[in-house]
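Subject: Structure for your review

Dear colleague,

Please find below the structure that I am handing over to you. I would be grateful if you could read the notes that follow with the model open beside them.

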Amino acid sequence: MASENPDPKETKQLTTGEDSQKGMLERVREGTSALKERAIEEAKEYKDPQDTQLWKSIFRVSHDRSDPRNRSLAVLSNVFLHLHPAKINRDAVRYPFTWGMGGITFYLFIVLTFTGVLLMFYYHPTKVDAFRDILYLEHDVPFGKLLRNMHRWAAHLMVITTWLHMFRVVLTGSYKRPREFNWCVGVVLLVLTLLLSFTGYLLPDDQLGFWAVTVGTNMARATPMLGHEGPFGPQLGLTAYNDVRFGLLGGSIVDSNALLRSYIWHCIGIPLVASIFMAVHFWRIRKDGGISGPAPVVLESEMKTVAKKK
Amino acid sequence: MFVRFFLPRSILEPSSVFRIGPPSDYALGVDTKWQQQYRIWVTKTSDRLFVIYARCTHLGCTPDWKASENKFKCPCHGSGYDSEGINFEGPAPRPMDRAKVTLDAEGQVLVDTGKLFEWPKGEVGHFNDPDAYIPL
């Protein structure tokens, strides 16, 4: 194959391979110096990396600290940075005003999503495997115990920080106009957080979780209009086999169907809905005048003009 | 349609009708041998035999039979019942329900936990209804 190669250099190297060592050394030196010259020539042709088409295709705006407009543009044109406002009031980020609780809650959600996905690699939502997988995670999986405890403690903390965030919002009066809608979105997020906590309770399939879910879903029996032991339930023809509890458990007892349903709501259903509500929540914070402090007066006047048009 | 999807047509749960042998198999007092399998206790008194459905009337946990204290105690929230399933402490609102019992042709006790007899607080109890107990 090599003899058929049309490149004369290649052929020469192969045919004269058994020459004296001195001649070979010189040829290598010639080769390397030629390579070096070519590399220098190529390097000269290279532009500043920030001037290349590749760079510009990713970063549209150069990072120039001297120009405030440019700094804003750099933030707005980046998918990760644009989640934050380009400018904020210095006073609005003071910890006595915010406690940082909303941010910490979101951070915990990120931690829970990450550790939760890792836990899914070792967990089977079936009656035979579930508790065995928990023991396996605790005792055999590398860093499994750490992983599980991170998920557990982050979950506890997220419930606590959500309440504290809500408490702060009440103290600073941030539920008032024009932030009423965002308060309601926040209440929905609180409910979703608690539901995530509750559905995760059953997944280890241990005695604690099993009885907690038994008790929790037995409360659903007494739901007005929806539970078979609640007000108007029997009159509407509800039994233990067609009421809201049956729909939640996928049966009349906490069994394999309940475990699977709990798993799906915990890992897919509720996080998906919560993520959408979170996006709205964060977006509205900026539209309603930032993370803390008084709301802008300009919004007030805009509302009046809308009212006049009617 | 979306709601209907979440209500399965058939479920693989243990049958609610089963046989537990003749009344003569049981001594006076509480027998816990079917608790694990059928979630029931068989109680025999001087004049009748009845089957208590082992579900706390507070929020549905399974109480434990404490032979030394002669009572049922729920581990979840502490409801207490006497040997006949009558509540006397804790948050339970009424005595534990009793399952339908009949004698089949062989003289065995046939239990149906699908039909439960209640004694709601302040209302007429159904513990003396036909099929709520087997007279001895």
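Ala54(B) belongs to the loop that lies between E4 and E5 of chain B. Which residues is Ala54(B) in contact with, once its neighbours within four places in sequence are left aside? They are Gln35(B), Arg39(B), Ile40(B), Trp41(B), Thr62(B) and Pro63(B). For one of these, Ile40(B), the C-alpha atom is 5.0 Å from that of Ala54(B), although the two residues are 14 residues apart along the chain.

**Chain B as a whole**

Chain B contains 2 helices and 11 strands. In sequence order, these elements follow the pattern α-β-β-α-β-β-β-β-β-β-β-β-β. The C-alpha atoms of the chain fill a box of roughly 55 × 40 × 30 Å along the principal axes. The radius of gyration of chain B is 16 Å, which agrees with the value near 14 Å that a compact globule of 136 residues would have. Of the 136 residues in chain B, 30% count as buried. Among the contacts in chain B with a separation of 6 or more, 41% are between residues 24 or more positions apart.

Strand E4 (residues 48-53) of chain B runs antiparallel to strand E9 (residues 98-103) of chain B, and 2 bridges join them. Within this pairing, Ile52(B) has Arg98(B) in E9(B) as its bridge partner.

E9(B) is also joined to strand E10 (residues 109-117) of chain B, here by 6 bridges and again in the antiparallel sense. Lys100(B) stands opposite Asp112(B) of E10(B). E9(B) and E10(B) form a hairpin with 5 residues between them. In the turn of this hairpin, Gly107(B) has a positive phi of about 85°.

Strand E6 (residues 71-73) and strand E7 (residues 80-82) of chain B are antiparallel and pair over 3 bridges, with Phe72(B) opposite Tyr81(B) in E7(B).

**Where the two chains meet**

How many residues of each chain are in contact with the other? There are 13 residues of chain A in contact with 9 residues of chain B. On the side of chain A that touches chain B, helix H10 (207-221) and helix H11 (244-249) of chain A each supply at least two residues. H10(A) gives the most to that side, with 5 residues. The residues on this side of chain A divide into 5 nonpolar, 7 polar and 1 charged.

**Confidence in chain A**

Chain A has a mean pLDDT of 86, and 88% of its residues reach 70 or more. Over residues 1-5 of chain A, however, pLDDT stays under 50, and the model has 3 contacts beyond four places in sequence for this stretch. Where pLDDT is low, the predicted coordinates should not be read in detail.

Yours sincerely

Key
Residues are numbered from 1 along each chain as its sequence is written. Chains are lettered from A and ligands numbered from 1 in the order in which they are written. This is a predicted model: local features need pLDDT of at least 70, side-chain atom pairs count only at pLDDT 80 or more; totals for chains, interfaces and linings use all residues. Helices (H or I, at least four residues) and strands (E, at least two) are DSSP runs, numbered from the N terminus. The radius of gyration is taken over C-alpha atoms; the globule rule is 2.2 Å times the number of residues to the power 0.38. A residue is buried if 20 or more other C-beta atoms lie within 10 Å of its own, exposed if 12 or fewer, and partly exposed in between; C-beta atoms are placed from the backbone. Two residues are in contact if their C-beta atoms, placed from the backbone, lie within 7 Å. Two strands pair if DSSP finds at least two bridges between them. Ala, Val, Leu, Ile, Met, Phe, Trp, Tyr, Cys and Pro count as nonpolar, Asp, Glu, Lys and Arg as charged, and the others, Gly among them, as polar. pLDDT is the predictor's confidence in each residue, from 0 to 100.
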